Amino acid sequence: MRIKVRLQEILDERGISQRQLALKANMRPGTINALCRGTTDRIYISTLEEICAALSIHIHDLIVMENE
């Protein structure tokens with residue numbers, strides 16, 4: 001099993017750019033970009049909370065388990 005962050009999918013569904021989310025969540029664009037690309041192996045809980053709050057979503061909408 002693999003944990004997947006669905007951030008880019010959610011942004012695409014809503015027509016929101018990574019930069020717009022970064023501004024709304026008060027985060028660095030590089031942080032958002034790394035999460036969208038899946039190139040990060042550690043995520044702070046506070047980062048997840050800020051993204052979920054900015055997008056008005058629950059954590060289970062953002063993170064899913066996938067079979068490899």
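I'll go from the overall fold to the helix contacts, the chain ends and then the pockets.

Housekeeping before that: this is a predicted model, so local features need pLDDT of at least 70 and side-chain atom pairs count only at pLDDT 80 or more, while totals for chains, interfaces and linings use all residues. Residues are numbered from 1 along each chain as its sequence is written, and side-chain values use heavy atoms, with hydrogens and water left out.

So, the fold. We have 5 helices and 2 strands, and along the sequence they run β-α-α-α-α-α-β. Helices here are DSSP runs of H or I with at least four residues, strands are E runs of at least two, and both are numbered from the N terminus. The C-alpha trace spans about 35 × 20 × 20 Å along its principal axes. For 68 residues, a compact globule would have a radius of gyration near 11 Å, and the protein agrees, with 11 Å. That radius is taken over C-alpha atoms, and the globule rule is 2.2 Å times the number of residues to the power 0.38.

Now, how do the helices pack? The axes of helix 1 and helix 3 come within 7 Å and cross at roughly 105 degrees, which makes this pair roughly perpendicular. An axis is a line fitted to C-alpha atoms, for helices over the stretch in contact, and angles run from 0 to 180 degrees between N-to-C directions. Under 35 degrees counts as roughly parallel, over 145 as roughly antiparallel, 65 to 115 as roughly perpendicular, and the rest as oblique.

Which residues meet there? L7, Q8 and L11 from helix 1 meet I32, L35 and C36 from helix 3, with contact meaning heavy atoms within 4.5 Å. By class that contact has 5 nonpolar, 1 polar and no charged residues. For the classes, Ala, Val, Leu, Ile, Met, Phe, Trp, Tyr, Cys and Pro are nonpolar, Asp, Glu, Lys and Arg are charged, and the others, Gly among them, are polar.

Next pair: helix 2 (18–25) and helix 4 (45–55) pack at about 105 degrees with axes 9 Å apart, so they are roughly perpendicular too. Here L21, K24 and A25 meet E50, A54 and L55, giving 4 nonpolar, no polar and 2 charged residues.

On to the chain ends. M65 sits in strand 2, residues 63–66. Leaving out residues up to four places away in sequence, M65 touches M1, R2 and I3.

Last, the pockets. The largest one has a volume of about 210 Å³. It is lined by 14 residues, with I3, K4, V5, L35 and G38 nearest its centre. On a 1 Å grid over the protein atoms alone, a pocket is an open set of points where a 1.4 Å probe fits, with protein on both sides within 12 Å along at least five of seven lines, and lining residues have an atom within 4 Å of a point. Grid points are joined across faces, edges and corners, and the volume is the space filled by probe spheres set on the points. Strand 1 gives the largest share of that lining, 4 residues. The lining divides into 6 nonpolar, 3 polar and 5 charged.

The second largest pocket is about 160 Å³, and its lining includes R28, T31, L35 and Y44.
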